Amino acid sequence: MAGGGDKVDYVFKVVLIGDSAVGKSQILARFARNEFSLDSKATIGVEFQTRTLVIEHKSVKAQIWDTAGQERYRAVTSAYYRGALGALLVYDITKRQSFDHIPRWLDELRGHADKNIVIMLVGNKSDLEEERAVSTEDAKEFAEKENLFFLETSALQATNVENAFQTVLTEIFKIHS
Ligand code: GDP
Ligand code: MG
């Protein structure tokens with residue numbers, strides 16, 4: 001891109017949080033590179049990936065942070081949350097426990113992040129309808145009560161991943177532009 005004169009008007013940091021194995025890294029792979037892997041290894045190393053998109057004629061660089069397997073040890077550090085303007089709070093629709101842990105993640109997020117943070121509750125793996133353990137209604141109700149956006153996604157089928165990030169980034173844009 002050198003010499004392309006690419007101008008970035010805004011950089012927005014968005015964090016991915018939620019239990020291990022809910023699909024955070026694959027959601028990010030889908031959004032950042034349009035890739036998906038069924039045997040993804042636990043994330044190591046990489047702190048964030050970026051993708052630049054246009055919102056209302058402005059160039060917005062989304063900097064999406066992925067936990068490096070820290071979720072297992074409840075060891076997500078405050079540096080991870082620092083400066084985040086948006087969050088995808090992810091559970092797996094086939095794993096009830098991952099949904100039951102959402103209030104805990106939300107507390108942690110609200111304790112660390114910007115008070116205007118835009119939060120999207122994401123029920124991932126919507127392609128596994130026959131294994132569903134969390135109803136759409138339960139999640140919707142929780143999201144309304146907590147003032148969160150809500151979508152069910154499939155990183156595998158690329159369903160609603162784009163929509164989830166677009167919604168969060170557009171909302172951040174409205175607040176911060
Ligand atoms: P993370 O620990 O939250 O980052 O989860 P990963 O992204 O590593 O995904 C955990 C497992 O779930 C991997 O085997 C993925 O291939 C799988 N996975 C992720 N997203 C989906 C999805 O939308 N549908 C299905 N069926 N599997 C998925
Ligand atoms: Mg991961």
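Ser154 touches Asn124, Lys125, Ser126, Asp127 and Thr159, leaving aside residues up to four places away in sequence. Touching, or contact, means C-beta atoms, placed from the backbone, within 7 Å. This is a predicted model: local features need pLDDT of at least 70, side-chain atom pairs count only at pLDDT 80 or more, and totals for chains, interfaces and linings use all residues. Residues are numbered from 1 along each chain as its sequence is written, while chains are lettered from A and ligands numbered from 1 in the order in which they are written.

Ser154 sits in the loop between β6 (149–152) and α6. Ser154 counts as buried because 22 C-beta neighbours lie inside 10 Å. The cut-offs, for C-beta atoms placed from the backbone, are 20 or more others within 10 Å for buried, 12 or fewer for exposed, and in between for partly exposed. Arg30 is 124 residues from Ser154 along the chain, yet their C-alpha atoms are separated by 9.6 Å.

## Helix α1

Helix α1 covers residues 24–33. Seven of its ten residues are buried, so the rest of the structure largely encloses the helix. The buried ones are Lys24, Ser25, Gln26, Ile27, Leu28, Arg30 and Phe31.

Asn34 follows α1 and has a positive phi, near 55°.

## Around ligand 1

The shell around ligand 1 holds 19 residues. To belong, a residue needs its C-beta atom, placed from the backbone, within 6 Å of the ligand. Gly23, Lys24, Ser25, Gln26 and Leu156 are the closest. Helix α1 gives the largest share of this shell, three residues.

## The nonpolar core

The largest nonpolar core has 43 residues. Such a core is a set of buried Ala, Val, Leu, Ile, Met, Phe, Trp, Tyr and Cys residues joined through C-beta atoms within 7 Å. Val14, Leu88 and Leu89 have the most contacts inside this core. Its largest share, six residues, comes from α6.

Leu89 touches Ile17, Gly18, Ile102, Trp105, Leu106, Leu109, Ile119, Met120, Leu121 and Val122, again leaving aside residues up to four places away in sequence.

## Two asparagines with positive phi

Asn147 lies in the loop between α5 (136–146) and β6. Its phi is near 60°, a positive value in a residue other than glycine. Asn147 counts as exposed because 7 C-beta neighbours lie inside 10 Å.

Asn160 belongs to the loop between β6 and α6. Its phi is also positive, near 65°. Asn160 is buried, with 20 other C-beta atoms within 10 Å.

## The whole chain

The protein chain has six helices and six strands. These are DSSP runs numbered from the N terminus (helices H or I, at least four residues; strands E, at least two). From the N terminus on, the order is β-α-β-β-α-β-α-α-β-α-β-α.

Along its principal axes, the C-alpha trace spans about 50 × 35 × 30 Å. Of the 177 residues, 37% are buried. Among contacts between residues at least 6 apart in sequence, 74% join residues at least 24 apart.

## Model confidence

Mean pLDDT for the protein chain is 91, and 91% of its residues reach 70 or more. pLDDT is the predictor's confidence in each residue, from 0 to 100. The model scores ipTM 0.99 and pTM 0.93.

How values were computed. Contact = placed C-beta atoms within 7 Å.
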